[in-house]
Protein chains: 2
Amino acid sequence: MKRITNDPASFKEEMVEGFVAAYGRYVKRVPNASGVMAVGSPKPGKVSVIVGGGSGHYPAFCGVVGEGLADGAVIGDIFASPSGEQVYRVTKALDGGAGVLYSYGNYSGDVMHFGMAEMRCRGEGMDVRTVVVTDDVASAPKGRESERRGIAGDFYVFKVAGAAAARGDDLDSVEELARRANAATRTLGLAFGGCTLPGQSEPLFSVEPGTMEVGMGVHGEPGIETSEMLPASGIAKLLVERLLDDAPEGAGSRVAVIMNGLGTTKYEELFVIFRDVGRLLADAGLTVHSPEVGELVTSLDMAGCSLTLMWLDSELEELHDAPAATPAFSRGGLGYAKSATESVAATPVATPDEDAEASFAETTSGGDAVRDGLRRALESVEGAEEELGRLDAVAGDGDHGSGMVRGFRRAVEATEGYGGTAGAVLVRAGAAFSDAAGGASGALYGSAITAFGQGLDANGTDAPGVHRALEDALKAVRSLGGAEVGDKTLVDTLAPFVGAFGESAGSGVPAREAWQSALAAAEAGAASTEDMISARGRAAKLGERSRGSRDPGATSMLYVLRAAGEAIPQEGA
Amino acid sequence: MKRITNDPASFKEEMVEGFVAAYGRYVKRVPNASGVMAVGSPKPGKVSVIVGGGSGHYPAFCGVVGEGLADGAVIGDIFASPSGEQVYRVTKALDGGAGVLYSYGNYSGDVMHFGMAEMRCRGEGMDVRTVVVTDDVASAPKGRESERRGIAGDFYVFKVAGAAAARGDDLDSVEELARRANAATRTLGLAFGGCTLPGQSEPLFSVEPGTMEVGMGVHGEPGIETSEMLPASGIAKLLVERLLDDAPEGAGSRVAVIMNGLGTTKYEELFVIFRDVGRLLADAGLTVHSPEVGELVTSLDMAGCSLTLMWLDSELEELHDAPAATPAFSRGGLGYAKSATESVAATPVATPDEDAEASFAETTSGGDAVRDGLRRALESVEGAEEELGRLDAVAGDGDHGSGMVRGFRRAVEATEGYGGTAGAVLVRAGAAFSDAAGGASGALYGSAITAFGQGLDANGTDAPGVHRALEDALKAVRSLGGAEVGDKTLVDTLAPFVGAFGESAGSGVPAREAWQSALAAAEAGAASTEDMISARGRAAKLGERSRGSRDPGATSMLYVLRAAGEAIPQEGA
């Protein structure tokens, strides 16, 4: 893993400088100290909440300094406690005369250095208290909660303390509420892969492939057990069950939830896990309040995640919901719809598809020939699936054949038994095609089919009407894809076909015959895409010439036109 | 890289379900479609801004749906455009009668599918417009801006369009402003390592170790060149120079900035790069406005970053600054101190150290003996550095020797030429020691030295005074570390020493002699820590017994006590 740095020895200092440079609208540097304080702090008569610990956990700790949250953060080196001297300096800078609360995760280095500063400040007459966060259920058994480490639950304790201080509570109250938040909060973490310190070439620790470490700490501290890697649903179940087993005495029925990523396990994955977490909590009779899914306490580039629950009482909930504005976390002001925060169970999850029905033109007759043509086209591309895939693999990702099959299969299904004109059936088929086929081909074919159908409805199904509809289809493809004849795309097949069809139709040839005779022009057009210079993907970078290989879209268009021609009735559609 | 999923085929659907379950306070599911819309939308008479694209880029695109930003997002599979049908359905759901603006990054699949939906909606009489984002300077040369891909600059275009729609602009105006934002925005990205799709065991692409791909796209599209990996300062220079070279026509002097991480390159690293980015922009005469450093457009777990600049005019700045509330990005309301957003150059970066001077007790005499003792202690731990490191490596991280040397070196430096009593010198030395040594030892030793100094000042420097001061030091260590005699720590050395000293002092023995005779008890105590069972780190997990090895702290304490004793004057300090 490459990691960005200049001199690793000055990494922390440069990080703090960059942080303050970026977020000067929220924070300022504490003069002559490794720490930051909120703009406008200290406020005379207001309790200051100071958090801190080692770097490498952003947004913990400096990212949550700002109005309504922490007043300051003391910043240690990567994974190392700040010194007592630095804590002392930040504390002196933030003394507003109403006392200071320290809050940080329970690690011996932090406990000692913050402890030293606390002693020293008390010796100077300041009122300083400490609430150590101990949310990690894996680090000590039930009954020995005070020995536990602090991990992502830090965030809730800081948030509650910060909100209490912001509303003007005195130090006794801020301390009591922070303690209550900590007592109500439980976290369990999982690690899937190690993290690498700046300047190092090897990770700090590693996790055996195919396994995960249950309860591993944010610096790689030993967990409860090594387990085989589980699917997302299994991970959700494990996390929820272990946390509910450890629910605090007298826990209520409302929980705030953090689904936290440690660095390399990303948002999309966290949402997949949260899907089951939310359901399992609801099944357990809990109301999920205002969850956060993201990165609130990280471990550099560690792969892993953690789940945090804070059981709420009405006062914790009020402080949890209170506004805040910090570099990494803001809440409140505009748009925070409190009324919409309730229960995952209440969130309707729509079952996809059907009901868009109403948006299609309602018509009453015909369409059998079109359905026949769609079935023939499906058969044809099924037969050519492998060939089309092979052609596509030269310059693309090799899925053109499978996309065409998916598209026509869905188009056939969507129009089966659908009573409408030829045009209406085609419009429906086009939408279904592009939805199922995906990618550029899905869009191009889908829009061609749709435009062709709209053209037939507008112009009729005799040869001149079909010609105008074909021209509409060609126009749709051109305007969507921007390709012209000679660009080695399906336009090279379709354009000559439409031209030839138009000539026949103009001289009175019926649609079926005009279609058949125009196929020769389509064949010539498809053949002209041989020896293409691919304009797509990596081949383009390499300037590779893909000799002897036709464009897959030009080829599939030929197959489709051939198949469709078979379905045209003797005298118009 | 392990990636979390259930069935990869249903990853996207489960991700959307989890997202809506988590953020129901901001968004709701569009019925029967792969998309989300803001709670409370559509608003009659308000333009709707719809964004979208493939998944795998969170918070792009669904994470920026909410008040003041996008009204809806259409969500494709990982790295794949949503279908035209899905875009159509989301558009129908968000039609508030005042028209719809589509905005998304310039990729052929997205252009086609959104294009299809646009045609279809226009066919139904809706007013739909499109502003495609083309901020990636690496993807086409100057003069061919419209061919460029869209990457992190998406965010600014969405933000400007969303804010314009939110304040009530009509569709013409929203479209024009989005176009203006796009024209004013430039991004360059770097990739250091590939990303892995859910369910895959191999990354989608890889980057040669020791190199970086300049201009690589967010799906691994080819960039401009492969370069050797640069330090953070070189990365900053490269990004800033290339973007300034490509500044838009008529660019002003104020820029909004996004320092964006692609997934695995984390916040701390981004801040280190931003430190130089901010300076270089200021050096170029630009005022940096309200930067964002974080993850706004990701690429699963890709290692890499990008820098985005949007050159501001007064209207773009107003819309940029307007409030927003979405799952992944909120601005405004409480605490957004507009006045504090200016120029990186204006942010004072403190030069560390010195000035904390004032916080030390001002005293006037003595202290030579203490300075002598500190120098002797430094010599002693320098001599024992390797031995202490070896002892520490058995159960810890092997840095005890180097930490002790750092600590005493700084303590000596900090007290050189400092005129104060013995106690005052020790207080100063303790603070310097713990600041420099770091870790638990730094805290324990530092607090012991400080407490000893405070004790001497309070009790005097005759033998009974020294005894009380030693008791204070022992008490400080105990309360900070929580260790008792027998726990195999430095308390095992210090406690018997203090006890023995007290006995001698109680029977009238002067300080120097009492100290010398107490050293035997310290030696016995240090020896008692052999065969310790480590309580720290991995050894604890394994239950390893570390035979024949003394505790490093107990050992170093013995050396320090011996050295200090040599410095005590014949009759009191």
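Let me start with one residue, B:Ser290, which counts as buried because its relative accessibility is 0%, and the cut-off for that word is anything under 20%. Please keep in mind from the outset that what we are looking at is a predicted model. B:Ser290 sits in strand S11 of chain B, and although this residue is not a glycine, its phi is positive, at about 50 degrees. I point that out because most residues other than glycine have a negative phi.

There is another residue of this kind in chain A, namely A:Phe79, which is not a glycine either and has a positive phi of about 60 degrees. If you want to find A:Phe79 on the screen, look in the loop that runs between strand S4 (72–78) and helix H2 (84–93) of chain A.

Where do we find B:Pro59 in chain B? B:Pro59 belongs to the loop between strand S3 (48–55) and strand S4 (72–78) of that chain, and B:Phe61 likewise lies in the loop between S3 and S4.

Now let me step back to chain A as a whole, which contains 18 helices and 14 strands. Of the 573 residues in chain A, 62% are buried, and the accessible surface of the chain comes to about 19,400 Å², with 50% of that belonging to carbon and sulfur atoms. If we take the contacts in chain A between residues at least 6 apart in sequence, 70% of them join residues that are at least 24 apart.

Moving inside, the largest nonpolar core has 207 residues, and those with the most contacts within this core are A:Val36, A:Ile235, A:Met259, B:Val36 and B:Met259. To take one of them, A:Val36 is in contact, once its neighbours within four places in sequence are left aside, with a list of residues that includes A:Phe19, A:Lys28, A:Cys62, A:Asp71 and A:Ile75.

Is B:Val131, over in chain B, buried or exposed? It counts as buried, because its relative accessibility is 1%, and its place is in strand S6, residues 128–133. The C-alpha atoms of B:Val131 and B:Tyr102 are separated by 6.2 Å, although these two residues are 29 residues apart along the chain. B:Tyr102 is also among the residues that B:Val131 touches, not counting those up to four places away in sequence, and others among them are B:Leu101, B:Val157, B:Glu175 and B:Arg179.

Strand S11 (287–294) and strand S14 (330–331) of chain A, together with S11 (287–294) and S14 (330–331) of chain B, each supply at least two residues of the lining. That brings us back to S11 of chain B, the strand that holds B:Ser290.

Note on methods. Residues are numbered from 1 along each chain as its sequence is written. Chains are lettered from A and ligands numbered from 1 in the order in which they are written. This is a predicted model: local features need pLDDT of at least 70, side-chain atom pairs count only at pLDDT 80 or more; totals for chains, interfaces and linings use all residues. Side-chain values use heavy atoms; hydrogens and water are left out. Helices (H or I, at least four residues) and strands (E, at least two) are DSSP runs, numbered from the N terminus. Buried means under 20% relative accessible area, exposed over 50%, partly exposed in between (1.4 Å probe, protein chains only). Contact means heavy atoms within 4.5 Å. Accessible areas come from the Shrake-Rupley method with a 1.4 Å probe; for residues, only the protein chains shown count as cover. A nonpolar core is a set of buried Ala, Val, Leu, Ile, Met, Phe, Trp, Tyr and Cys residues joined through side-chain atoms within 4.5 Å.
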